[in-house]
Amino acid sequence: MDTKKFLLQENDIPRAWYNIVADMKNKPMPPLHPGTKKPLQPEDLYPIFAKELVHQELNTTDAWIEIPDEIRDMYKVWRPTPLVRAYGLEKALDTPAHIYFKNESVSPIGSHKLNSAIAQAYFCKKEGVTNITTETGAGQWGAALSYAAKTFGLELAVYMVKVSYHQKPYRRSIMQTFGAQVIASPSMSTKAGRKILTDHPNYQGSLGTAISEAIELALQTPNCKYTLGSVLNHVMLHQTVIGLEAEKQMEMAGEYPDIVIGCFGGGSNFSGISFPFLRHKLTEGRDIRIIAAEPASCPKLTRGRFQYDFGDEAGYTPLLPMYTLGHNFAPANIHAGGLRYHGAGSIVSQLKKDNLMEAVDIKQLDTFEAATLFARTEGIIPAPESSHAIAAAIQEAQKAKESGEKKTILFNLSGHGLIDMAAYDQYFSGDLINCEVTDEDVAKNLEEIKDII
Ligand SMILES: *Cc1c(COP(=O)(O)O)cnc(C)c1O
């Protein structure tokens, strides 16, 4: 009988994260202080982030960073995750391609985000932090961090974008189940929030505002740090457990991927699945294609520009070298909320600039068509975000069919969609649309940031 799932033992949970920067010939350019526009020093970040996370963020020399046992113990709750051969999908597509997916949806929270949430909560706890803050858009990061905070005995305050707070009540309930305090942003609890509410009482919030509130609270609360669920180098680092396990599992399957695919918001799950394979390309010259799948409505990698930009709308964060649509870019309200971010993390941006990876953009309706086919053939209802990776994998499998080549395709299933069924409802009732971005829109936002440094 053919093997469906390739399973590792708890003992196989990686002992070190892979820091790809150490192996990059062209390192990402340094983050800059938003005020002085000089390269950031570790001390600049200590008030905001746990020290160990700052050191990971700025580490450009160590390829391997040991995973503390306490974190590996927590990873055991759901790791190693299965690598699955998508026989059902292959059959439906009638393709000679072999399709594998790494199933990160089996985490208790339903997505890959817990890989970094556990690590961040641990390093905060270890240096005596008692409280942490964060922001969340659709709620996946907040949900993951809530569980992680509870695990390590930290108090967590989550600023949730107001529109999502009302539209996605179940993610809020999940956070509250784990004991987090969830605040709709903008709120009256911070200066940043009060200012916006005074000017625009009905403002429904944005990630940029929520970030400002979460940072402000962290700076004003004793023993409190701020945390972020994507974009930053240390988040990419933590997520490499995905690809490191997949590397072993592909070996068990007796195959090596020709193509590795991840959906793309800020880059964490994409980096997680792909960096350990990209390592073979960087260090051994191995031939492999790495593809990021982003929404056509938020196309930073395919249509953005490489330059320094802020991580948030308000311009509080350090300046990062990134492919960006401009920090003022307001993406359409697509259901893949986790992919609505204006920029790409700086490691991925440098890799893209050096042509070590590719990017494709996918239209919303195509993602739901792919998601439905995947659900009907593999039995898992994917997150709208993950469906971008599925759609890209299907495209590659169809190309393989046309050319008659037996390609091996690996994609990351970053999460399940069981809390996103309202989006599926809309798709089935025919109310879902493709959201296009015009060249003028892209140009206008890029024009606004051209003199940033
Ligand atoms: C948050 C999220 C994403 C997008 O974030 P990345 O940092 O780009 O991975 C993708 N899929 C799921 C399920 C998410 O929760």
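Q: What makes a run of residues a helix or a strand in this predicted model?
A: A helix is a DSSP run of H or I with at least four residues, and a strand is a DSSP run of E with at least two. Residues 69-75 form helix 3, and residues 83-85 form strand 4. P80 belongs to the loop between helix 3 and strand 4.

Q: What is the omega value of the cis peptide bond that joins R79 and P80?
A: Omega is about -10° for this cis bond between R79 and P80. A cis bond also leads from S185 to P186, where omega is near 10°. P186 sits in the loop between strand 8 (181-185) and helix 9 (191-199).

Q: What phi value does N223 have, and in what kind of residue?
A: Phi of N223 is near 60°, which is a positive value in a residue other than glycine. N223 is placed in the loop that connects helix 10 (207-220) with strand 9 (224-226).

Q: How do you know that strand 4 and strand 5 pair?
A: Pairing requires at least two bridges. Strand 4 (residues 83-85) and strand 5 (residues 98-103) share 3 bridges, in the antiparallel sense, so by this criterion the two strands pair. In one of these bridges, L83 has K102 of strand 5 as its partner.

Q: Why are strand 1 and strand 14 said to stand at the edges?
A: These strands belong to an open sheet of 7 strands, ordered 1-4-5-15-10-11-14 with mixed pairing. Strand 1 (5-6) and strand 14 (358-362) each have a single partner strand, so one side of each is left without a neighbour in the sheet. Helix 13 (residues 268-284) packs on this sheet and touches strand 5, strand 10 (259-263), strand 11 (289-295) and strand 15 (408-413). The direction of helix 13 makes about 160° with that of strand 10.

Q: Which strands are the edge strands of the open sheet of 4 strands?
A: The order of this sheet is 8-7-6-9, with parallel pairing. Strand 8 and strand 9 are the edge strands, as each pairs on one side only. On average, neighbouring strands here are turned by 20° against each other, direction ignored.

Q: What makes strand 6 and strand 9 a pair?
A: The requirement is at least two bridges. Strand 6 (residues 131-136) and strand 9 run parallel and are joined by 3 bridges, so they meet it. I132 has K225 in strand 9 as its bridge partner. Helix 10 packs on the sheet, in contact with strand 6, strand 7 (155-161), strand 8 and strand 9, and its direction makes about 175° with that of strand 6.

Q: How many residues surround the ligand, and of which classes?
A: The ligand is surrounded by 17 residues, of which K113, S230, G265, S268 and S414 are the closest. By class, the shell has 12 polar, 3 nonpolar and 2 charged residues.

How values were computed. Residues are numbered from 1 along each chain as its sequence is written. This is a predicted model: local features need pLDDT of at least 70, side-chain atom pairs count only at pLDDT 80 or more; totals for chains, interfaces and linings use all residues. Side-chain values use heavy atoms; hydrogens and water are left out. Contact means heavy atoms within 4.5 Å. Axes are lines fitted to C-alpha atoms, for helices over the stretch in contact, and angles run from 0 to 180 degrees between N-to-C directions. A residue is near a molecule or strand if one of its heavy atoms lies within 4 Å of it. Ala, Val, Leu, Ile, Met, Phe, Trp, Tyr, Cys and Pro count as nonpolar, Asp, Glu, Lys and Arg as charged, and the others, Gly among them, as polar.
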